[in-house]
Amino acid sequence: MPLSTHLPDAEALCIALAEAMRPHVDPTATALVGIHTGGVWVAERLHAALGLKMPPGSINVSFYRDDFSQRGLHSNAKTSQIPFDVEGAHIVIVDDVLYTGRTIRAAMNELFDYGRPAKIDLAVLTDRGGRELPIAPSFCPHSLSLPAAQMLALERAADGGLSFRLITE
Amino acid sequence: MKIHIKNGRLIDPASKTDKALDLFIAAGRIVGVGGTAPTGFEANSVLDATGCIVCPGLVDLAARLREPGFEYRATLESEMAAAAAGGVTRLACPPDTDPVLDEPGLVEMLTHRARLPEFAHVHPVGALTLQLEGKALTEMAELAEAGCVAFGQANRAIVDTQVLLRAMMYAATFDFPVWLQAQDPFLARKGVAHDGEVAARLGLAGIPVAAETIALATILHLARETGARVHVTRISSAAGIDMIVAARAAGIAVTCDVAIHHLHLCEMDIGFFDTQARLDPPLRSRSDRDALRAGLASGAINALCSDHTPVDDDGKQMPFEEAEVGATGLELLLPLTLKWAQEMKLPLAMALARVTSDPAQILGVKAGSLGLGAAADICVFDPAAGFRVTRENLRSQGKNTPFLGRELPGRVRYTLIDGHLAFDGTLG
Amino acid sequence: MQKSPQLNSHGELQHLLTIEGLPREVLTRILDTAAPFSEVAEREVKKVPLLRGKSVFNLFFENSTRTRTTFEIAAKRLSADVINLNINTSSANKGETLLDTADNLAAMQADMFVVRHASSGAPFLLAQHMAATGRDHIHVVNAGDGRHAHPTQGLLDMYTIRHYKTDFTQLTIAIVGDVLHSRVARSQIHALTTLGVPEVRVIAPKTLLPTGIERLGVRVFHDMREGLRGVDVVMMLRLQNERMQGALLPSTQEYFKSYGLTPEKLALAKPDAIVMHPGPMNRGVEIDSAVADGSQAVILPQVTFGIAVRMAVMAMLAGN
């Protein structure tokens with residue numbers, strides 16, 4: 001059932017997510033890795049709110065997607081940047097919306113090509129259901145249900161403000 | 001066999017005839033033109049030429065029959081079938097067979113093989129030098145006796161100018177025509193395309209126009225020196241035509257021909273390395289092509305020929321510079337003549353002259369015309385019907401043509417050779 | 001007339017045969033896609049799984065360890081299975097070997113052919129043959145055909161220029177050397193003009209320039225000093241020894257005097273001009289060691305970029 005008039009408040013969710021994570025992160029050691037592009041914005045918010053020492057990383061999962069044969073290479077010029085040592089690290093993958101779980105699987109595959117982390121957690125702003133893989137968030141302040149034809153996208157305004165938008169395909 | 005060709009439009013360029021006239025044929029000759037049948041004439045066969053043009057059978061100055069030696073590419077049977085289907089009743093074949101036509105015995109064998117009623121008349125061009133190597137003379141008098149109408153080098157050059165001079169002198173002694181392609185072998189060395197914009201873009205070694213004009217200058221000078229009757233084969237450039245016209249004005253006896261491909265195509269038709277456009281001489285620039293079209297119309301170029309060269313698929317499925325040279329053409333000579341005439345808005349009689357009476361004159365044979373008593377070598381074709389160039393429609397074993405897939409004007413209905421129905425297009 | 005076999009029915013790149021005829025957007029997309037692949041080389045595990053399970057056959061009918069190696073590295077970094085074939089051809093069998101070899105390999109589940117051949121147009125023949133025999137899924141990458149094209153080299157050169165100079169529309173670029181015999185030069189010229197470089201110069205003696213080269217959109221110079229004045233990028237071409245045999249040039253010494261890139265000649269270009277070379281270099285023939293090893297040369301980065309660009313090309317083709 002579409003909730004077009006009840007889109008979640010992204011900024012509020014960022015705050016809620018940071019608070020949910022606070023007891024479980026080590027400000028000196030925990031590292032965030034945001035998935036381009038929405039996840040990177042959220043990771044920046046979380047990084048500031050949680051006062052983390054390790055600089056946030058960003059990941060472009062284009063090269064690890066499982067739909068390459070069907071959809072080809074997405075022209076996405078973003079590079080992955082992991083400015084810390086993955087080996088033995090506690091990493092929190094950050095994304096805006098959790099859906100089928102395939103993006104998270106791709107992100108984990110990519111992270112493992114950088115090294116072997118000690119632990120990976122998943123932090124998302126909202127979970128819209130429709131999982132196709134056994135992936136579950138460690139931190140998630142919100143959930144909603146959307147039909148398959150609708151996509152939830154995070155947007156960043158010129159002043160940096162985050163908000164959700166519903167896109168019907 | 002008495003044949004009555006009725007209701008056709010008779011075009012005979014030699015006698016300047018273009019009129020609705022019937023033809024009556026008996027014992028392989030024309031016994032009546034127009035009007036009622038000659039006295040006592042009872043036709044065994046009546047050919048309906050309604051809507052068709054009745055003209056002399058085409059005379060093709062260059063058709064490679066691939067025998068002897070190259071039977072894997074084509075045979076006499078298949079190529080003669082192609083000739084008949086194309087309305088060609090008389091053809092000259094170049095000496096570059098295997099073995100080369102430099103011995104009377106070989107020439108006799110070929111003409112003997114070709115002497116079937118349904119086959120076009122064959123006029124072999126003998127080799128000017130042994131093995132076409134450009135070193136020693138051939139026994140031209142003997143070869144002429146065996147049936148050669150002229151002597152040439154196919155598309156191989158004689159590098160040693162002294163040999164060329166002496167070969168022409170010797171031929172001139174007997175007034176034998178000398179047929180030569182004007183291409184300097186050094187400037188053409190390793191070249192595969194016209195040295196111009198397309199070759200530059202595609203990274204193909206080029207053959208400049210200078211290769212033709214420089215060789216032509218040599219040939220024309222020696223023609224003047226020796227008095228030899230020279231026929232330049234497959235002229236390809238505007239500059240070349242100009243030189244020939246100037247030579248004629250200076251009194252040199254020179255004729256020339258152009259191939260169907262160069263009349264219609266240019267270097268652009270190489271496209272993406274299309275080996276069907278791998279030809280010798282190469283397809284040149286647009287302006288060269290336009291000059292060839294105008295030159296054939298004005299008579300600066302005397303005749304149009306097919307330069308029929310069957311090549312098997314393997315020979316063409318190679319990278320451009322390695323592919324075999326040449327295109328099939330016997331069945332395209334008439335359609336491409338008509339296409340040229342239509343595009344240039346030329347009188348049909350004049351266009352047909354270039355493939356009938358004019359080449360016959362170059363061959364030096366009494367042919368290419370339809371008068372009382374002439375041999376019944378006749379082509380009946382429907383100018384309004386089309387010929388779709390497909391592998392299936394081509395009777396030649398050579399399916400190699402840059403015109404594949406195109407629809408060309410004109411469809412042969414009947415071809416008669418010495419009064420024998422060599423091709424019947426009304427059959428399925 | 002045939003239609004360009006590079007593009008499939010959706011207008012997407014099915015093969016990479018030549019830069020000529022590719023729209024600007026396609027070239028830009030390739031350069032954009034190469035950027036993230038550059039990063040892959042910086043990682044511990046220099047691999048992404050895009051071409052996992054795919055077989056890439058390097059069909060080299062002309063020897064080249066350098067180019068073959070970079071294609072091999074690129075394919076392996078995409079997790080493809082790579083098979084190298086160096087085929088020695090006798091002149092009688094060249095064409096037969098090309099299509100017959102391709103047929104045999106296609107039957108072994110090849111997904112991509114990287115082809116280098118001494119005859120211009122050979123990759124087109126291969127691509128057309130694949131289409132004609134119902135094997136549209138096999139992609140062909142031209143690794144250099146005769147004098148005609150070397151599209152991946154052209155692309156990596158463009159990537160290099162973009163890396164150092166950013167905006168193509170503000171540049172003056174000179175290509176120096178044997179343009180007549182160079183497939184690299186032809187690809188570079190097509191790429192530069194398509195990407196909107198306002199002035200592309202070629203500098204060479206007359207014997208080393210193809211007839212009508214101006215019609216490709218370049219300005220011809222025979223005087224190297226004049227040609228280098230104020231340029232932003234100097235692209236050097238390799239001079240091959242054979243040129244001395246065909247009466248095209250008298251000697252390498254004379255060539256170096258007029259057309260070799262020395263510090264003194266380079267000083268005529270802009271102070272921040274970069275010097276490029278597709279390699280391998282003939283020091284003292286087309287380029288002075290002082291320049292080759294100097295601060296303005298970007299020849300080694302070109303090699304690194306080459307792997308990323310080839311990864312991008314192969315990934316894009318495989319995904320179409």
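Of the 320 residues in chain C, 59% are buried, where buried means under 20% relative accessible area, with exposed over 50% and partly exposed in between (1.4 Å probe, protein chains only). The model is a predicted one, in which local features need pLDDT of at least 70, side-chain atom pairs count only at pLDDT 80 or more, and totals for chains, interfaces and linings use all residues. Residues are numbered from 1 along each chain as its sequence is written, chains are lettered from A and ligands numbered from 1 in the order in which they are written, and side-chain values use heavy atoms, with hydrogens and water left out.

**How the chains meet**

- Two pairs of chains touch, and the pair with the most contacts is that of chains B and C; contact means heavy atoms within 4.5 Å.
- Chains A and B do not touch, and their nearest C-alpha atoms are 27 Å apart.

**Chain C as a whole**

- Chain C contains 11 helices and nine strands; helices (H or I, at least four residues) and strands (E, at least two) are DSSP runs, numbered from the N terminus.
- The C-alpha trace of chain C spans about 55 × 45 × 35 Å along its principal axes.
- Among contacts in chain C with a separation of 6 or more, 77% are between residues 24 or more positions apart.
- Chain C has an accessible surface of about 12200 Å², and carbon and sulfur atoms hold 49% of that surface; such areas come from the Shrake-Rupley method with a 1.4 Å probe, and for residues only the protein chains shown count as cover.
- The 33 positive and 31 negative side chains of chain C have centres that lie 1 Å apart; Lys and Arg count as positive and Asp and Glu as negative, while His and the chain ends are not counted. The place of a charge is NZ of Lys, CZ of Arg, CG of Asp or CD of Glu.

**Chain B as a whole**

- Chain B has 13 helices and 20 strands. Its radius of gyration of 21 Å is close to the 22 Å that the globule rule gives for 428 residues, so chain B is as compact as a globular protein of that length.
- Along the principal axes, the C-alpha atoms of chain B fill a box of roughly 65 × 50 × 45 Å.
- Of its 428 residues, 63% count as buried.
- The accessible surface of chain B is about 15600 Å², with 51% belonging to carbon and sulfur atoms.
- Chain B carries 39 positive and 51 negative charges, whose mean positions are 5 Å apart.

**Two loop residues**

- B:Q276 lies in the loop between α8 (260-264) and α9 (286-298) of chain B, and it counts as buried because its relative accessibility is 16%.
- Neighbours within four places in sequence aside, B:Q276 is in contact with B:K316, B:N400, B:T401 and B:P402. A polar atom of the B:Q276 side chain lies 3.2 Å from the backbone nitrogen of B:T401.
- C:N282 is found in the loop between β9 (274-276) and α10 (289-292) of chain C, and its side chain reaches the backbone oxygen of C:L239 at 2.7 Å.
- Beyond neighbours within four places in sequence, C:N282 is in contact with C:R238, C:L239 and C:I287.

Key:
Polar contact = N/O pair within 3.5 Å; in protein donor to acceptor, adjacent residues only side chain to side chain. Rg over C-alpha atoms; globule rule 2.2 N^0.38 Å.
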